[in-house]
Amino acid sequence: AEARTPARVQRLDATLANQIAAGEVVERPASILKELLENSLDAQAARITIHLQAGGMDMLSVEDDGTGINPEDLPLALERHATSKVASWEDLQAIQTMGFRGEALPAIASVARVEILSRTHDSGQGARIAVHGGEQIRLEPAARAPGTTVRVADLFYNVPARRKFLRSPAAELSRVQKVLRQIALANFPIAFQLLQNDRSLVQFPAAHDSAACAARVAAVLGEGFMANALHLEQSDRDLSLRGWLGLPTYNRARGDEQYFFVNGRPVRDPVLTHALRAAYQDVLFQDRHPLYVLYLELPPEQVDVNVHPAKAEVRFRDSRAVHDFLFHTLRRIIAGQGGDLPQVTVP
Ligand code: ADP
Ligand code: MG
């Protein structure tokens, strides 16, 4: 037999490493929007404006009035594993911010043309940095009100194979809107606006009282949902669940109007999904789906959010307790509403 020699082990260059990481967090404009919105939320923004061109494929920018970034930190914010949010293992155990991986900006900048313009509240002037395909091209002073704008243009211009996976601008826009709705439902006090080619498509004014919050929920899920939903607020020891639960009679063919947040983070989780399905099981046909907007809160150290690069999944320390609390709470509420109301279906 021929002698076979091993290939040499080499370190990936930084851009390639970022492009590989981008495969996990930068799938399309909607996933970029999620990361940028999370950064604005972590920066305590009160008002966030999103601009799009071609559903975000040509251009997507997120503008906020948050803390801003120190000019000397701008180049670092674009490097992998650089973050202002965690410094120790202990921080990670009780994470309060949406971000913590320090991966989003470098990943996005490795597959698009990115420009960040930012100014902190205590400095008289801002700074701008531009990065194209992972190569930093300049850092210069620039004018801006306090806050940050991140502009992402020409997504996947340097990785055509990934660009081919994008759909039409209309399809990308609809995913972008879905992400915005999700984040808007978890951040009532923050005002959001989405524009495409300078035309306003979505606007959520800041909601500070329960009527305004209910109005935002109605804007997302429809007036019909609000008329057919129960508001709930339940807690048991350190678990609490609140939100709006659609009546079983108000159901859909698709499970696309289901919003579940764990400590303010939108998640898909098999434990939660199972508890919800089981709670509705006897009152809903197998192929129909309920609508809901639910917020589960628990002490941060009881849930591990560091499971998934896009942070869409979580792991509960005691998933049995979470499951049972959810199931029993929802079950009681649904059963109390008489499962034998006539089935009204919604398109
Ligand atoms: P992470 O959010 O996990 O820290 P990112 O790559 O998303 O990583 O961001 C890197 C850093 O850039 C953040 O830790 C933060 O310090 C800074 N940053 C990014 N976006 C903003 C923003 N909109 N406002 C203020 N700081 C920001
Ligand atoms: Mg981030």
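How many Å separate the centres of domain 1 and domain 2, taken over C-alpha atoms? In this predicted model, the figure comes out at 29 Å. The two pieces in question are domain 1, spanning 14–204, and domain 2, spanning 210–345, with bounds that come from an automatic or database domain assignment. A quick word on bookkeeping: residues are numbered from 1 along each chain as its sequence is written, while chains are lettered from A and ligands numbered from 1 in the order in which they are written. Local features need pLDDT of at least 70 and side-chain atom pairs count only at pLDDT 80 or more, whereas totals for chains, interfaces and linings use all residues.

Where the domains meet, domain 1 puts in 16 residues and domain 2 puts in 17; contact here requires C-beta atoms, placed from the backbone, within 7 Å of each other. On the domain 1 side, α1 (14–25), α4 (89–93) and α7 (169–186) each bring at least two residues, and α7 gives the most, with 5. Helices are DSSP runs (H or I, at least four residues), numbered from the N terminus. Sorted by class, this side of domain 1 has 10 nonpolar, 4 polar and 2 charged residues (Ala, Val, Leu, Ile, Met, Phe, Trp, Tyr, Cys and Pro count as nonpolar, Asp, Glu, Lys and Arg as charged, and the others, Gly among them, as polar).

Now for the ligand. Around ligand 1 sit 21 residues, of which Asn39, Ala43, Thr83, Ser84 and Gly99 come nearest; a residue qualifies if its C-beta atom, placed from the backbone, lies within 6 Å. Both α2 (29–42) and α5 (104–109) supply at least two residues of this shell, with α2 giving the most, at 3. The shell's make-up is 6 nonpolar, 10 polar and 5 charged residues.

Methods: Two residues are in contact if their C-beta atoms, placed from the backbone, lie within 7 Å.
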